[in-house]
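Hi everyone, thanks for coming. Let me put the sequence and the model up on the screen, and then we can walk through the fold together.

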Amino acid sequence: MSGFDQDAADTILGELARQIVADEEFQGKPWRAIALVIGVRPRRRVFGYLYRPDGSWEAAIPRASRPTIEKAQELAAAMQVDGRESWKVCLLQLMAPGPQITADFEYDDHGRWDVSPANLESRVEELRPRVQQR
């Protein structure tokens, strides 16, 4: 059984994070954290939130959403193991300063982090990046 190339996946994840932080949507805005949900299959999509230093938030996605999704697809391909399907959707959390990057991958449920009017407030808090203890 062969695994994926961890170094390649880490490189692509770093490229994805830099691409997001450099995106026009986030430049010039004060942010403490960004959480993005990026779906690569069966449906390509991205949605997320910018969390301000005062704790407030706003819905935000990269203006260059297509390149963001394409880079995430590259990451999914790099993480594929033994010809099995890779993950369907990921939660990418970035915290300033740094940024510190956390990624969670969902292999089965494409709708794991879906937002609806009924769960908006709780989902925004669930997705909010937390300081990682070292």
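Before going on, a word on the model: it is predicted, so local features need pLDDT of at least 70 and side-chain atom pairs count only at pLDDT 80 or more, while totals for chains, interfaces and linings use all residues. Residues are numbered from 1 along each chain as its sequence is written, and side-chain values use heavy atoms, leaving out hydrogens and water.

Now, how many aromatic pairs are there? The count comes to two, where rings of Phe, Tyr and Trp (its six-membered ring) pair if their centres lie within 6.5 Å, and planes under 30 degrees apart are stacked, over 60 edge-to-face and the rest tilted. Tyr49 and Trp57 make an edge-to-face pair, 5.4 Å centre to centre with 85° between the planes. Tyr49 is buried, at 6% relative accessibility.

Trp87 and Phe105 form a tilted pair, at 5.1 Å centre to centre and 40° between the planes. That pair links distant parts of the chain, 18 residues apart: Trp87 sits in the loop between helix H2 (65-78) and strand E4 (89-95), and Phe105 in strand E5 (residues 100-106). Helices (H or I, at least four residues) and strands (E, at least two) are DSSP runs numbered from the N terminus. Trp87 is buried, with a relative accessible area of 0%.

On to the sheet. Five strands form an open, antiparallel sheet in the order E3-E2-E1-E4-E5, and two strands pair if DSSP finds at least two bridges between them.

E1 and E4 run antiparallel and are joined by seven bridges, and Gly39 stands opposite Val89 in E4. H2 packs on the sheet, touching E1, E2 and E5 (contact means heavy atoms within 4.5 Å).

Last, two prolines. A cis peptide bond joins Arg41 and Pro42, with omega about 0°, and Pro42 is in the loop between strand E1 (33-39) and strand E2 (45-51). Another cis peptide bond joins Ala96 and Pro97, with omega about -5°; Pro97 is in the loop between E4 and E5.

Methods:
Buried means under 20% relative accessible area, exposed over 50%, partly exposed in between (1.4 Å probe, protein chains only). Axes are lines fitted to C-alpha atoms, for helices over the stretch in contact, and angles run from 0 to 180 degrees between N-to-C directions.
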